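This report describes the fold and the packing of one protein chain. The sequence and the model are shown first, and the commentary follows.

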Amino acid sequence: MKLLFNGKIYADVFDEEVYQAILIEENQDGVARVKELWGNDDIPTYMELDDVEKIDLNGKTVLPGFIDSHLHLQYYAQTLDWISCVGLSKDDCLKAVAEKAAKVEAGEWIVGHGWRQATWKNGFGTLEDLDKVAPENPVFMTDASYHTAWVNSKALEIAGVTLETPNPKDGVIGKTEDGQFSGILFEFAYQLVAEKIPAPSEDEMIALYDIAQAELWKFGITGVQDFDGQAGFDALKKMRDDGILQLRVHKNFRYESFDEVVAAGLKSGQGDAWIHHGNVKVFMDGALGPKTAAMMAPYEGTEDDLGILMFEEDELFEIMKKCVDHGLAMTVHAIGDKANHLTLNAFEKLRAYEVEKGYDSAALRHRIEHVQCLLPADLPRLKELDLIASVQPCHLLSDIDLAREAWGERCAFAYAYGRLSDHETKLCFGSDAPVESPNPFASIHAAVSRKRPEKDEEAFYPENCLTRKQSLAAFTSGAAFAGYWENEQGRLLPGYLADLIILNDFWGRDPLELYKCSVEATMVNGKWVWSK
């Protein structure tokens, strides 16, 4: 047993009582849970026992471990070994590619992630840019949104993409005005190249996951809700079986894997102490960065640019019915106001269908990922339809300038966490890493202040600010509920899993400096997995 004492222990974010001591006990199955909580005056008996490990917290704060409710675990793990273009200019990005090309063999893939053309003076990079710095290597570089890829001639050649290749469904092969390749692949067009990149072996994937979970512990993340494909699922299960996995994983499934998921008999909400099965995910539109989010009215400054809509309302509804008939709840990626509106319409039909079929609607925790721009009339509908809004406040601070430019006055109902909360919508927070840093404090800062760090500016539509408690709950109990784990994760009550973090200060810090918070130590399953 472990006894942590002399601290400020917040077992539940919304619980007014702050405890000073917590006792953790591991059962015969190797699962560690919270046994008891007390004030300092109530623990002398345990202080005297020899078989109890005693840890003086010296007044530090203890919180439930963070749960990132939207993260691409395999992609995040792989990007730790890729070229990072985060924050780089176009020239610096090309320089990094050139340096990599000088170190690898001809023909070896060069992969990178994180560029933002919106911050580059002349917009997107070109095919010729990459050809010049890596003529003998195929290059594949995803943008920060993970919705667009920048490639060179070698990559297109290996993928068999020619000027006569038609655009795939829900994707566009970028062309210049004179009909040549631009080097940019939008939405699912990038899969034409991505599928040609050699996939890591299971052992290689396990090694990458092991590095990734250690990185996430530094941020106090003890659980993730993963939105990558099936490729790494077997590696995660092997890690669990071998005792290497020390991160709770709620695994969502792409609709493309539907038949495989059904054949395996997987249902939403099932699982064990380490891996839970989640929902089936579909994409309703693209993203703000490349202006592929589906909008009701054209993007500002254009006459007819409405983005890319992946499904019509009834098409989405048919997919939804197919999933719930097999006990699988739905997760829908929707960013633009049109994508969200049609998604809500489809969910309204789905709720009626569930009643008609006698399904337990409360057991199917449907959710919308991102919910970035809404029509005003759609704000109360998530609550009315008992849907979860899975949002990533870190996107807000990255997108402020781009959103104003693309959406204008529609921004009043974009990233509308405060308005959604006023309507009592269930919220959970994530990072969308590697699209953004997985640091939860960056998202908490964004949700509370809606101001970019160290920038003198007004809050971005301050009526949408959340409180500190609301933001923290979205990373703990809210995320646990979204992952069907609310009776074991997200709180530190007796019987809950012993996943917790220690930090010096949180409640007393200036709201404009919340991004500076950091974790002192992280515990998963009763064991210290990381410490400063």
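Which residues have the most contacts inside the largest nonpolar core?

## Nonpolar cores

The model is predicted. Its largest nonpolar core has 112 residues, and the residues with the most contacts inside that core are Leu73, Met330, Phe347, Trp407, Tyr415 and Ile444. Apart from this core lies another, of 19 residues, which includes Val111, Ala159, Ile173 and Phe181. In soluble globular proteins, nonpolar side chains tend to be buried together.

The surroundings of Met330 can be listed. Leaving aside residues up to four places away in sequence, Met330 touches Asn279, Val280, Val282, Ile319, Met320, Cys323, Phe347, Arg365, His366 and Arg367. One of these, Phe347, is itself among the residues with the most contacts inside the largest core.

## Overall dimensions

The protein contains 17 helices and 23 strands. Along the principal axes, its C-alpha atoms fill a box of roughly 80 × 55 × 55 Å. For 532 residues, a compact globule would have a radius of gyration near 24 Å, and the value of 23 Å for the protein agrees with this.

Of the 532 residues, 58% are buried. Among contacts with a separation of 6 or more, 73% are between residues 24 or more positions apart.

## A four-stranded open sheet

Four strands form an open sheet of mixed pairing, in the order β4-β3-β1-β5. The edges are β4 (32-38) and β5 (53-56), each of which pairs on one side only. From one strand to the next, the twist averages 20°.

Strand β3 (residues 21-26) runs antiparallel to β4, and six bridges join the two. On β3, Ile22 stands opposite Leu37 of β4. Strands of a sheet pair through backbone hydrogen bonds, either parallel or antiparallel.

Helix α8 spans residues 233-241, and its buried residues are Phe233, Ala235, Leu236 and Met239. These residues lie on the same side of α8 because they cover an arc of only 160° around the axis.

Definitions and conventions. Residues are numbered from 1 along each chain as its sequence is written. This is a predicted model: local features need pLDDT of at least 70, side-chain atom pairs count only at pLDDT 80 or more; totals for chains, interfaces and linings use all residues. Side-chain values use heavy atoms; hydrogens and water are left out. Two strands pair if DSSP finds at least two bridges between them. Axes are lines fitted to C-alpha atoms, for helices over the stretch in contact, and angles run from 0 to 180 degrees between N-to-C directions. Buried means under 20% relative accessible area, exposed over 50%, partly exposed in between (1.4 Å probe, protein chains only). The arc is that of the directions from the helix axis to the C-beta atoms. A nonpolar core is a set of buried Ala, Val, Leu, Ile, Met, Phe, Trp, Tyr and Cys residues joined through side-chain atoms within 4.5 Å. Contact means heavy atoms within 4.5 Å. The radius of gyration is taken over C-alpha atoms; the globule rule is 2.2 Å times the number of residues to the power 0.38.
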